[in-house]
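The following note was prepared for a colleague who wishes to read the fold element by element.

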Amino acid sequence: MRGRDVELLVLDDAEAAAAATAERLAEAARAGAEIALTGGSTPRRAYELAAEREPDWSRAGAWWGDERCVDPADERSNYRLARESLLDRLAGRPAVHRIRGELEPEEAAEEYERELGETRLDLVLLGIGPDGHVASLFPEAPTLRVRDRKVVAAQAGHEPFVPRVTLTLPALEAGAEILFLVSGADKAEAARRAFVDEPSERTPASLVRAASGATLAILDRAAAASIEK
Ligand code: 6PG
């Protein structure tokens, strides 16, 4: 199925969506790709399955699309999620480029922008929030208009309400391939706004498409309910 500038793959349930995402992550890792990971709760299963499918990520690089400004050991940390469900399960770890959430947000953003340098992200994995946010780009936020930075500090517009650091729209769009993973009925409206409706700052995910590559969204049936109608 096609959405607005995005290919939509709708699978039966969250497990099938996680498995399809894991397959793509594993393939990218095998190819030695620079991979941007996402946070939230949805990707956990995909990360576990990706580690099973491809335990050798030693040729790949792991990056993050956003981070919550907490200690890396904090249970709200996006790095911690990836460490537990993916990195700690690998026989060969990728080069890990984490956003240092323990720093002041501005400082962490500047440091990460330097770390990223001219790196071309081969695969950018993203989730979306029920409000349509993506990475830590929230509806109507001023960060949506930043075009001259790759990484910025952001205010939380959603739980957990801690300061964030996020890639900007131009940095996300520069990804060679963008892959959204969306599951659950609470995402159905946001998914329609993100993938079918006209782009709008009210739905940040609607603004994210690969500038010169493929954009794919893997959804479970519940998340696709408002699109399939
Ligand atoms: C974050 C994320 C965020 C996430 C969505 C979906 O740090 O919160 O990277 O953009 O992908 O909020 O999160 P869930 O999977 O928890 O619904």
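This is a predicted model: local features need pLDDT of at least 70, side-chain atom pairs count only at pLDDT 80 or more; totals for chains, interfaces and linings use all residues.

How many bridges join strand β2 to strand β6?

1. **Strand β2 and its two partners.** Two bridges join strand β2 (residues 34-37) to strand β6 (residues 123-126), and these strands run parallel. Within this pairing, A36 has V124 of β6 as its bridge partner. Strand β2 is also joined to β3, by four bridges and again in the parallel sense. Here E34 has G61 of β3 as its bridge partner.

2. **The seven-stranded sheet.** These strands belong to an open sheet of seven, ordered β1-β10-β9-β6-β2-β3-β5, with parallel pairing. Its edges are formed by β1 (7-11) and β5 (95-96), each of which pairs on one side only. Strands of a sheet pair through backbone hydrogen bonds, in either the parallel or the antiparallel sense.

3. **Helix α6 against this sheet.** Helix α6 packs on the sheet and touches β1, β9 and β10 (214-220). The direction of α6 makes about 160° with that of β10.

4. **Strand β3 between two covered faces.** Is β3 covered on one face or on both? Both faces are covered: G61 and W63 on one side, and A62 and W64 on the other, are all buried. For W63 the relative accessibility is 3%, and the residue therefore counts as buried, the cut-off being under 20%.

5. **The aromatic pair of W63.** The structure holds three aromatic pairs. In one of them, the ring centres of W63 and Y112 are 6.0 Å apart and the planes stand at 65°, so the pair is edge-to-face. This pair links distant parts of the chain, since W63 lies in strand β3 (residues 61-64) and Y112 in helix α4 (residues 105-116), 49 residues apart. Y112 has a relative accessibility of 2% and therefore counts as buried.

6. **The pair F180 and F195.** F180 and F195 also form an edge-to-face aromatic pair, with 5.0 Å from centre to centre and 70° between the planes. F180 lies in strand β9 (residues 177-182) and F195 in helix α6 (residues 188-195), so the pair ties together parts that are 15 residues apart in sequence. Both residues count as buried because the relative accessibility is 0% for F180 and 0% for F195.

7. **T215 in strand β10.** T215 lies in strand β10 and is buried, with a relative accessible area of 7%. A polar atom of the T215 side chain lies 2.8 Å from the backbone nitrogen of A210. Beyond the neighbours within four places in sequence, T215 is in contact with D5, V6, E7, I178, F180, V208, R209 and A210. F180 is thus a member of the aromatic pair with F195 and also a contact of T215.

8. **I227 in helix α7.** Which residues does I227 touch, not counting those up to four places away in sequence? They are M1, L8, A191, R192, F195, V196 and L219. I227 is found in helix α7 (residues 225-228) and, at 14% relative accessibility, counts as buried. The C-alpha atoms of I227 and E110 are separated by 38 Å, and these residues are 117 residues apart along the chain.

9. **Helix α2.** In helix α2 (residues 43-53), the buried residues are P43, A46, Y47, E48, L49, A50 and A51. The elements that cover them include α1 (14-30), β2, α3 (78-85), β6 and β9.

10. **The three-stranded sheet.** A further open sheet has three strands in the order β4-β8-β7, with antiparallel pairing. Its edge strands are β4 (66-68) and β7 (151-154), each pairing on one side only. Neighbouring strands of this sheet are turned by 15° against each other on average, direction ignored. Three bridges pair β4 with strand β8 (residues 164-167) in the antiparallel sense, and D66 stands opposite T166 in β8. Helix α4 packs on this sheet, touching β7 and β8, and its direction makes about 165° with that of β7.

11. **A charge over a ring.** One further side-chain arrangement may be noted. R98 lies over the face of Y79, at 5.4 Å from the ring centre.

Technical notes
Residues are numbered from 1 along each chain as its sequence is written. Side-chain values use heavy atoms; hydrogens and water are left out. Rings of Phe, Tyr and Trp (its six-membered ring) pair if their centres lie within 6.5 Å; planes under 30 degrees apart count as stacked, over 60 as edge-to-face and the rest as tilted. Buried means under 20% relative accessible area, exposed over 50%, partly exposed in between (1.4 Å probe, protein chains only). A charge sits over a ring if NZ of Lys or CZ of Arg is within 6 Å of the ring centre and within 35 degrees of the ring normal. Two strands pair if DSSP finds at least two bridges between them. Contact means heavy atoms within 4.5 Å. Axes are lines fitted to C-alpha atoms, for helices over the stretch in contact, and angles run from 0 to 180 degrees between N-to-C directions. A polar contact is a pair of N or O atoms within 3.5 Å; within protein, one must be able to donate a hydrogen and the other to accept it, and residues adjacent in sequence count only if both atoms are side-chain atoms.
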